[in-house]
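Colleague: Could you take a close look at one part of this model with me? I am new to this, so please go step by step.

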Amino acid sequence: MIYATRAIIIGTTAYTDNSLIIKAYTQEFGLQSYILRSARKSRGNSKPQHFQALRVVELEISQTPKAKLSSIRSSQLAGSYEQISTDIVKTTLALFLTEVINLSVKESVPNRELFELLASEIAALEVAEAKDTAEFHLRFLIKLASILGFCPQDNYDTAHPCFNLRTGAFVATMQESDTLAPEASDSLHRLLSLPTERITRTLAERRELLNNLLHFYAIHITAGRPIRSHEILCTILG
């Protein structure tokens, strides 16, 4: 059986000397793994550069009843990724986004809303101006959490100035465990309530907000598994 789907590449693993296992989030089937044969050849219907992380591709898949993995018959890039490939900041952001997706997205069932979010964020990253990359990853984490159903509740007010990472809501005091201080909570509130405005004032504030969001992810979706590429991201973003 032959079928077609758009897919977002989120990982590759060497299988044999000339084959790769491709991990992808697909529009039609959710999270899937496929085998790409003759992966080292630049000629043919599937080129190696199509399978770099965070590329959106049109795939033609061949499925046979006895095969453990369906195979990729052909591929075609669904967009341009020149900036993501050559701009060090965008390349590092793509690395971070890929790791977050790998640790957070687990369902092998279609979710069109999730697919379209990921595809649109990749397209936005490709064309983003330099001034818009500083908080790109922070906004991505909020958007992804919203689609996956664990977005922080923005009930911030003077009576609830502290954010509790476990309950996902703002609370009255810091007496509970995993509760952010008022200043850090205010940064999160502004990120939630001002989706198009620059909200961090300093590098230290941006790093603290990222660390708090990653802690929130560790509690609610990644089962405590650390997202390691944020250290590289912080170095590159400065």
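Modeller: Happy to! Please keep in mind that this is a predicted model. Now let's look at the cavity itself. The count comes to 1 cavity of 30 Å³ or more, and the space in the largest cavity is about 60 Å³. Around that space you will find H137, L203, R206, R207, L210, L233, C234, L237 and G238.

From here we can turn to the aromatic rings. The whole structure contains 7 aromatic pairs. One of them joins Y156 and F170 edge-to-face, with 5.3 Å from centre to centre and 80° between the planes. This pair links distant parts of the chain, 14 residues apart: Y156 sits in the loop between α4 (136-148) and β6 (162-164), while F170 belongs to strand β7 (residues 169-171). The two partners also have their own surroundings to check. F170 counts as buried, because its relative accessibility is 2%, under the 20% cut-off. Y156 has a relative accessible area of 28% and is partly exposed. Finally, both rings belong to a cluster in which ring pairs link F150, Y156, F163, F170, F216 and Y217.

Definitions and conventions: Residues numbered from 1 in each chain as written. Predicted model: local features only at pLDDT ≥ 70, side-chain atom pairs only at ≥ 80, totals over all residues. Heavy atoms only, no water. 1 Å grid on protein atoms, 1.4 Å probe; cavity = no way out; pocket = protein on both sides within 12 Å on 5 of 7 lines; lining within 4 Å. Points joined across faces, edges and corners; volume = space filled by probe spheres on them. Phe/Tyr/Trp six-rings, centres within 6.5 Å; stacked < 30°, edge-to-face > 60°. Helix = DSSP H or I, 4+ residues; strand = E, 2+ residues; numbered from the N terminus. Buried < 20%, exposed > 50% of the residue type's maximum accessible area, 1.4 Å probe, protein only.
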